[in-house]
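Here's a quick walk through one protein model, from its overall layout down to its core. Have the viewer open as you read.

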Amino acid sequence: MPEDNLCYCEEDTDKEELKSMLLSRNEIWMKIKDGSDTVNDSMRTIILSCVDSRVQVERIFNVKPGELLVLKNAGNMITEDILRSVLIAIYELSAKFLIVLGHTRCGMSILGDKNKIEHLMTKLGKNTLDKIEKQTGQDPLKWFGFFPQGQWCENVKTQVNYIRQVLSELIDGCNMPCIIPALYDLDTGEVKFLD
Ligand SMILES: [Zn+2]
């Protein structure tokens with residue numbers, strides 16, 4: 001067991017052990033529970049970040065429940081479902097700001113790395129890859145949203161440009177949020193705004 005205080009599930013960890021671990025952590029949370037259970041998105045800000053478990057947006061910005069609306073997916077990509085949540089936040093929560101927060105060493109930046117791509121392709125298997133291609137009509141690598149190695153800043157800017165274009169075609173200018181690119185450094189914990 002690595003000495004990093006993290007909880008690890010092993011191959012033989014069962015559902016009851018997992019539930020027990022989560023509930024004991026939840027007891028800790030119940031004692032410190034702060035923020036609001038009535039107000040939603042008091043900062044009128046949406047943050048789209050990567051699903052990576054090291055990117056804990058609420059903790060990175062030290063915000064409380066009720067302050068910030070956080071959306072996550074692999075590679076902080078603008079997808080149809082993200083668009084759906086963004087529109088709801090704009091119209092129902094009066095969101096004024098949208099931050100796309102990428103991070104260094106993102107696991108989605110594998111394009112150009114032959115070994116990583118081959119490893120992934122092998123794990124997924126031809127059957128799954130063929131089905132994804134058939135169902136989505138896209139190259140699976142494109143569908144997953146992988147981007148070139150080390151290009152986390154560029155990916156953030158691509159996503160920002162894309163959502164700006166989509167929203168400008170979809171909603172009135174007065175409802176258009178201010179869209180801000182940003183990058184989180186996994187090593188130092190620092191956030192840099194890229195605009
Ligand atoms: Zn990532």
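## Layout

Keep in mind that this is a predicted model. The protein chain splits into two pieces: domain 1 covers 37–107 + 151–195, while domain 2 takes 110–146. Going by C-alpha atoms, the centres of domain 1 and domain 2 sit 26 Å apart.

## A helix in the open

Helix α1 spans residues 15–32, which makes 18 residues. From first C-alpha to last, α1 reaches 26 Å, close to the 26 Å expected at 1.5 Å a residue. The number of buried residues in α1 is zero, so this helix lies largely in the open.

β3 pairs with strand β1 (residues 45–50) through five bridges, running parallel; Thr 45 has Phe 97 in β3 as its bridge partner.

## The nonpolar core

The largest nonpolar core holds 29 residues, and those touching the most other members include Ile 46, Leu 48, Ile 99 and Val 100. β1, β2 (69–73), α3 (80–93), β3, α6 (152–170) and β4 each put in at least two residues. The largest share, five residues, is from α6.

What does Ile 99 contact, leaving aside its neighbours within four places in sequence? Thr 45, Ile 47, Ile 180 and Ala 182.

Notes. Residues numbered from 1 in each chain as written. Predicted model: local features only at pLDDT ≥ 70, side-chain atom pairs only at ≥ 80, totals over all residues. Domains from an automatic or database assignment. Helix = DSSP H or I, 4+ residues; strand = E, 2+ residues; numbered from the N terminus. Expected span 1.5 Å × (residues − 1). Buried ≥ 20, exposed ≤ 12 C-beta atoms within 10 Å, placed from the backbone. Pairing = 2+ DSSP bridges. Core = buried A, V, L, I, M, F, W, Y, C linked by C-beta atoms within 7 Å. Contact = placed C-beta atoms within 7 Å.
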